[in-house]
Amino acid sequence: MTRPPGPPTALWRPYTQMKLAAPPPKVQATEGVRLILDDGTSLVDGISSWWTACHGYNHPHIRAAVADQLARMPHVMFGGLTHEPAERLARRLATLLPGDLDHVFFTDSGSVAVEVAMKMAVQYWLNRGVKGRHKFVSFRDGYHGDTLGAMSVTDPDGGMHRHFAGYLPRQFVAELPTDLDRIAGLESLLARHRDEIAGVIVEPLVQGAGGMRFHDGDTLRRIANAAARHGHLLIADEIMTGFGRTGRMFASEEADIVPDIMCLSKALTGGTIALAATVARAHVFDAFWSDEPSAALMHGPTFMANPLACAAANASLDLFEREPWLSQVQAIAAALRRGLEPARDLPGVVDVRVQGAIGVVQLTALKDAGWLRRRFIELGVWARPFGDILYVAPPFVIEPRDLDLLVRAMVTVARDWSERFGVT
Ligand SMILES: *Cc1c(COP(=O)(O)O)cnc(C)c1O
């Protein structure tokens, strides 16, 4: 297994078999909805840099806010200190979020926001004098991040568990309660293990990295009701769905539920600087409110509530207030529904689906993701097919012409793929 002299490998890339992967395109600039490569190629970004850049890249309002903050104070520790950008952002999130989701704990990545939510749930029970409740219920095809706790509640057949089975805490995996059997299954799991379970974690409406699978508001409401009935905390992982992507500001609103804890990241940042938040309802926060110092939430990342990141997020919220994001998302949804329909009848395609500004073409299998990516690039599009799906989740500000290019590229790539691999 010695490595022959070859391409430089100083940089170790994510989810990448370094031996087999072609060198990735090198991006030298971003602009609006476009990535500009070092050879001058301009690509329409179909996935908004992992769903973060909802307002497009280099938005002048976000840039100005970050530049202003950079001149004042790029960073200061958050242990024992506070600052206006974080105070303001927390107040605004509390106002924007449903119900009494009013207590905001900042971190620097989605995975860590999930870790904090899980620790919050575990410590919630301890602080209330209840011992033994430290397991979680999560759902098949779910994805919650790459750190230990987050991996343990990610779908066990999704790859990570295979490698790390002996390392991960064991949790309970349930099917989404989409039919009577599954509803009964979830109910009985929640009842049987009541005294071990700290919380139930779900991605509302859209299971993202687990395959862009959608469920409806009724299914989500059933989960929330079941969790409440059995006395479990509900954690909504809205890291991907939050901030308009599904056609609601938060996907939880579709079912009119207020989860006990919500995780946010990705579009929270406006696609600019890493930031995440774990937000708790009043009764969760109250379980930590005590004369006992050790009842405090035991977490605190070095770069927690970084002022630049908070300034970017505040500017992103300004844009949500002043831009017509809802009609933009609805227009994208309509264009995706219309434009992706021709892919449905292709022999290699098993499903076409749209939820808000997310469009998916599911193939019979994913063969040759590298070929798919190259084909998209030839068509002027950046997309990153994974699992068995092609998908797009463009910036909300995408113009009709660019959207049309994306949609056509999806259908063309699906057709080419069908001709190449799909006919059995
Ligand atoms: C991306 C994502 C995460 C992990 O966020 P990172 O910032 O990559 O750590 C967790 N949950 C969901 C639903 C996500 O989409």
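Four nonpolar, five polar and three charged residues make up the shell around the ligand. The model is predicted.

**The ligand's surroundings**

Which residues surround the ligand? They are Trp51, Ser109, Gly110, Ser111, Tyr143, His144, Gly145, Glu203, Asp237, Ile239, Met240 and Lys266.

On its own, the ligand has 380 Å² of accessible area, and the protein covers 83% of that.

**Annotated positions**

The UniProt record, an unreviewed entry, carries a "binding site" annotation for Trp50, Tyr143, Lys266, Gly300 and Arg384. These positions are spread over 335 residues of sequence. They are also spread in space, with up to 33.2 Å between C-alpha atoms.

The unreviewed UniProt entry also lists Gly110, Ser111, Asp237, Pro301 and Thr302 under "binding site". Their span in sequence is 193 residues, and the two farthest C-alpha atoms are 22.8 Å apart, so these residues do not all gather at one spot.

Gly110 belongs to helix 4, which runs over residues 110-127.

Where is Tyr143? Tyr143 sits in the loop between strand 5 (135-139) and helix 5 (148-152). The side chain of Tyr143 makes a polar contact of 2.6 Å with the side chain of Asp146. Tyr143 is also among the residues that surround the ligand.

Lys266 lies in a loop too, between strand 11 and strand 12 (276-281). Leaving aside residues up to four places away in sequence, which residues does Lys266 touch? They are Trp50, Trp51, Thr52, Ile239, Met240, Gly271 and Leu275. Of these, Trp51, Ile239 and Met240 also belong to the ligand's surroundings. Trp50 carries the UniProt "binding site" annotation, as does Lys266.

**Confidence**

The protein chain has an average pLDDT of 95, and 98% of the residues score at least 70. Which element has the lowest mean pLDDT? That is helix 6 (residues 160-164), with a mean of 79. Strand 11 (residues 261-264) has the highest, at 99. Where pLDDT is low, predicted coordinates should not be read in detail.

Definitions and conventions:
Residues are numbered from 1 along each chain as its sequence is written. This is a predicted model: local features need pLDDT of at least 70, side-chain atom pairs count only at pLDDT 80 or more; totals for chains, interfaces and linings use all residues. Side-chain values use heavy atoms; hydrogens and water are left out. A residue is near a molecule or strand if one of its heavy atoms lies within 4 Å of it. Accessible areas come from the Shrake-Rupley method with a 1.4 Å probe; for residues, only the protein chains shown count as cover. Ala, Val, Leu, Ile, Met, Phe, Trp, Tyr, Cys and Pro count as nonpolar, Asp, Glu, Lys and Arg as charged, and the others, Gly among them, as polar. pLDDT is the predictor's confidence in each residue, from 0 to 100. Helices (H or I, at least four residues) and strands (E, at least two) are DSSP runs, numbered from the N terminus. UniProt positions are given in the numbering used here, feature names are shortened, and annotations may be inferred rather than shown by experiment. A polar contact is a pair of N or O atoms within 3.5 Å; within protein, one must be able to donate a hydrogen and the other to accept it, and residues adjacent in sequence count only if both atoms are side-chain atoms. Contact means heavy atoms within 4.5 Å.
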